[in-house]
Amino acid sequence: MMEHPKIIELKSGRAVAMTEYGDANGEPVVFCHGWPSSRTMAQLTDDAARELNLRIISPDRPGIRHSAFHANRKLLDWPPLIAEVADNLDIANFRMLAVSGGAPYALATAWAMPQRVRAISIVSGAPPIADLADRAGLFPLYRWMLFFYRKQPEVLRRSFQIARPFLSVRMPLRLRPLLLKLLQPCDADVLRDSAAFEIFFESQRQAWRGSAHGVMADAQIYAEPWGFPLEEIRVPVRLWHGKADRRFSFILAATVASRLPNCRAHFVENEGHYSLPIRHVREILADLKSV
């Protein structure tokens with residue numbers, strides 16, 4: 001997966017790396033990648049975006065791959081960064097597409113900049129975890145990380161450092177079937193396609209290659225309050241979630257949808273965390289463009 005990022009220098013002096021997909025002359029859509037992941041996750045949109053005349057703009061978050069680290073950043077530091085990126089590209093208004101851990105970033109931008117964000121689409125999105133009274137709907141690994149983040153953060157930090165050398169290495173083809181056996185059938189089925197596997201897992205690998213410090217700083221955002229109420233978001237939201245999603249239960253997604261005053265939700269039978277954005281990407285983008 002060879003690509004050459006565009007580097008944008010911010011007023012702060014920090015750099016942001018981004019890659020574009022789809023139609024270079026199309027209507028702009030800012031893509032918010034998942035966690036742990038990076039800008040090349042947006043490659044999953046490329047063919048559909050070309051067909052629909054959409055320009056996908058996918059930046060790495062601070063500390064991920066080629067984007068400069070931003071110490072002690074908060075979720076609400078993201079909208080001003082996106083405003084600078086859009087200004088640099090001479091884009092006045094734009095839509096947003098967020099997958100998985102990108103959801104808080106798109107929602108924060110919609111809340112902070114309703115005059116510039118036309119609509120957003122949230123796919124397999126992470127909920128406001130810090131607000132959850134019951135975390136049973138979260139993937140067990142996420143519950144484990146939350147426990148150590150609160151109780152023993154140094155243990156969590158060390159675990160990220162230990163994991164990095166292993167997660168930074170490209171997985172041999174012969175081991176992929178072993179990984180797929182850990183997933184539910186709907187997700188495993190779509191990820192048997194080599195191109196789909198590369199899009200998701202290569203973008204993760206590249207994030208880890210950048211630094212464990214950046215990946216952990218990105219993870220900390222999810223464990224903290226977002227800093228704004230979902231009820232104040234007036235921008236149109238399209239929420240897509242698979243009913244078989246094991247990372248974030250669709251029940252959690254339904255709660256998020258109920259709090260958004262201008263939201264249309266699509267809960268899709270027999271689709272999981274990975275299969276939904278892969279199988280339905282054209283439908284999701286067409287729906288977003290129609291808003």
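Q: What makes the meeting of the Arg61 and Asp218 side chains a salt bridge?
A: Their N to O distance is 3.0 Å. The term asks for a side-chain nitrogen of Lys or Arg within 4 Å of a carboxyl oxygen of Asp or Glu, so this pair qualifies. Mind that this is a predicted model: local features need pLDDT of at least 70, side-chain atom pairs count only at pLDDT 80 or more, and totals for chains, interfaces and linings use all residues. Residues are numbered from 1 along each chain as its sequence is written, and side-chain values use heavy atoms, with hydrogens and water left out.

Q: How do you know that the pair links distant parts of the chain?
A: Arg61 sits in the loop between S4 and helix H2 (78-88), Asp218 in helix H9 (residues 212-223), and 157 residues separate them. Helices (H or I, at least four residues) and strands (E, at least two) are DSSP runs, numbered from the N terminus. Over the whole structure, the search turns up 20 salt bridges.

Q: Which residues make the contact of H4 and H5?
A: Trp144, Met145, Phe148, Tyr149 and Lys151 do it for H4, and Pro153, Val155, Leu156, Ser159 and Phe160 for H5. Contact here is heavy atoms within 4.5 Å.

Q: How do you know that S1 and S2 pair?
A: Pairing takes at least two DSSP bridges, and S1 and strand S2 (residues 15-22), running antiparallel, have four. For one of them, Glu9 has Ala15 of S2 as its bridge partner. Their hairpin has five residues between the strands, and there Gly13 takes a positive phi near 95°.

Q: What is the strand order of the open sheet?
A: The eight strands go S1-S2-S4-S3-S5-S6-S7-S8, with mixed pairing.

Q: Why is one side of S1 and of S8 left without a neighbour in the sheet?
A: Strand S1 (6-9) and strand S8 (263-268) stand at the edges, so each has just a single partner strand. On average, neighbouring strands are turned by 25° against each other, direction ignored. For S8, six bridges join it to strand S7 (residues 237-242), running parallel, and Leu239 has Ala265 of S8 as bridge partner.

Conventions:
Axes are lines fitted to C-alpha atoms, for helices over the stretch in contact, and angles run from 0 to 180 degrees between N-to-C directions.
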